[in-house]
Amino acid sequence: MDHSGHGMTMDLPPFTLGRGLEWSADPFFLVACLAGLALYGWGVVRLVRRGDKWPVGRTVAFVPGVLSIMLMMCTQLNDYGMVMFSVHMVQHMVISMVSPILILLGAPITLALRALPTAGRGRKGPRELLLMFLHSRYMRIITHPAFTIPLFIASLYGLYFTPLFDTLMGSKPGHIAMMVHFLAVGLVFFWPIMGVDPGPHRPGYLMRMLELFAGMPFHAFFGIALMMASEPMVGTFENPPASLGIEALSDQNTAGGIAWAFSEIPSVLVLVALLFQWYASDQRQAKRTDRAADRDGDKELEAYNAYLASLNTQGR
């Protein structure tokens, strides 16, 4: 009996973490992740060879971000995720919220813009095409909060509570497309909020926090809906293989708990990153102000003191 949606008969033994972490590579994600790591590594090496610096912290964030996708899609977690709602929900949460945050902290677009050579006057190479894409109307639309927040929410409710989910889970290309969608939605949602790479929208830090907290509660509500349901809500997971030894409703409740708990993780990660960026920005601004004061002999302060003196004179 085909339970996996991958076109193969699969009577999986009861789930354990050890079994879930066994190697079982999805070729598409394996090639894509290795290509992403190779390109990032090429960019870093290119900068170093010409004497430029690239923050180690960005590489430390990017590599685990890509590896987290490989962990979800190139182990038996992916096989179990086809027949267990709880394991699938771990995949979804990691790929849509943890992996994008780490990848964006790695600033891959900034790296590409610095590493790619310019094509020369009147010509368009990869760097010029990337800049055109970043400044296009399409990017302004898909990175605007009016688009990203509804998309983030619809990716949960519009997918799981409609027949679309069962359709996508019924074939390998459909399943791959769904996982790519989760990653893409996470990237466009967190991109303007993280503010590391250049983009069309650069709101202030308070506005970024508001955007973050506008989307997160809907994840929690979605998890609560699954936890409170009295019957299976997704057809794909209604009849798990007997070899797993699980009950569909109990597994769905576990999936809901995972979705609810995961809504806190990205909030904390992004909030810490934003507070750090905010502090660093204030420090840079203070240094610029000090340098300006050194250059002009602190004319601003002198002008202000003169203004106070004039007020004092007028008051006599």
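Which residues make the nonpolar surface patch of about 630 Å²? I put this question first on opening the model, which is predicted.

**Entry 1. The nonpolar patch**

I found that the patch is made by Phe218, Phe221, Ile224, Met227, Met228 and Trp260. I then looked up which element gives the most to this patch, and the record of contributions points to helix α12, residues 205-228, with 5 residues. Met228 is placed in helix α12. I noted a relative accessible area of 68% for Met228, and this residue is exposed because the value is over the 50% cut-off.

Trp260 belongs to another element, helix α13, which covers residues 248-262. I looked up its accessibility as well: Trp260 has a relative accessible area of 44% and is partly exposed, because this value lies between 20% and 50%. I also compared positions along the chain and in space. Trp260 and Met93 are 167 residues apart in sequence, yet their C-alpha atoms are 9.9 Å apart in space.

**Entry 2. The largest pocket**

I turned next to empty space. Rolling a probe the size of a water molecule over the atoms shows where such space is left. The largest pocket has a volume of about 920 Å³. I counted 32 residues in its lining, and those closest to the centre of the pocket are Phe62, Ile103, Pro108, Ile109 and Leu187. I listed the elements that give two or more residues to this lining: α2 (27-49), α3 (56-73), α5 (85-105), α6 (108-115), α7 (126-134), α8 (137-142) and α11 (172-194).

Which element gives the most to the lining of the largest pocket? I found that α2 does, with 10 residues.

**Entry 3. The cavity**

I searched for cavities of 30 Å³ or more, and the structure holds 1. The space in the largest cavity comes to about 40 Å³. I noted the residues that line this cavity: His92, Ser96, Phe152, Ser155, Leu156, Phe182, Val185 and His219. The elements that give two or more residues to this lining are α5, α9 (145-160) and α11. Helix α9 gives the most, with 3 residues. By class, I recorded 4 nonpolar and 4 polar residues in the lining of the largest cavity, and no charged ones.

**Entry 4. The salt bridge**

Side chains of opposite charge can pair when their charged atoms come close. How many salt bridges does the count come to? I found 1 salt bridge. Asp52 forms a salt bridge with Arg50, and their closest N and O atoms are 2.6 Å apart. I checked the accessibility of both partners. Asp52 has a relative accessible area of 28% and is therefore partly exposed, as the value falls between 20% and 50%. Arg50, at 43% relative accessibility, also counts as partly exposed.

**Entry 5. A backbone angle**

Most residues other than glycine have a negative phi. I looked up Ala107, a residue other than glycine, and its phi is positive, near 50°. Ala107 lies in the loop between α5 and α6. Is Ala107 buried or exposed? I recorded a relative accessible area of 0%, so Ala107 is buried, the cut-off being under 20%.

Notes:
Residues numbered from 1 in each chain as written. Predicted model: local features only at pLDDT ≥ 70, side-chain atom pairs only at ≥ 80, totals over all residues. Heavy atoms only, no water. Patch = residues over 30% accessible without salt bridge, like charges linked within 9 Å, V, L, I, M, F, W, Y side chains within 5 Å. Areas by Shrake-Rupley, 256 points an atom, 1.4 Å probe, with all protein chains shown as cover. Salt bridge = Lys/Arg side-chain N within 4 Å of Asp/Glu carboxyl O. Helix = DSSP H or I, 4+ residues; strand = E, 2+ residues; numbered from the N terminus. Buried < 20%, exposed > 50% of the residue type's maximum accessible area, 1.4 Å probe, protein only. 1 Å grid on protein atoms, 1.4 Å probe; cavity = no way out; pocket = protein on both sides within 12 Å on 5 of 7 lines; lining within 4 Å. Points joined across faces, edges and corners; volume = space filled by probe spheres on them. Nonpolar A, V, L, I, M, F, W, Y, C, P; charged D, E, K, R; others polar.
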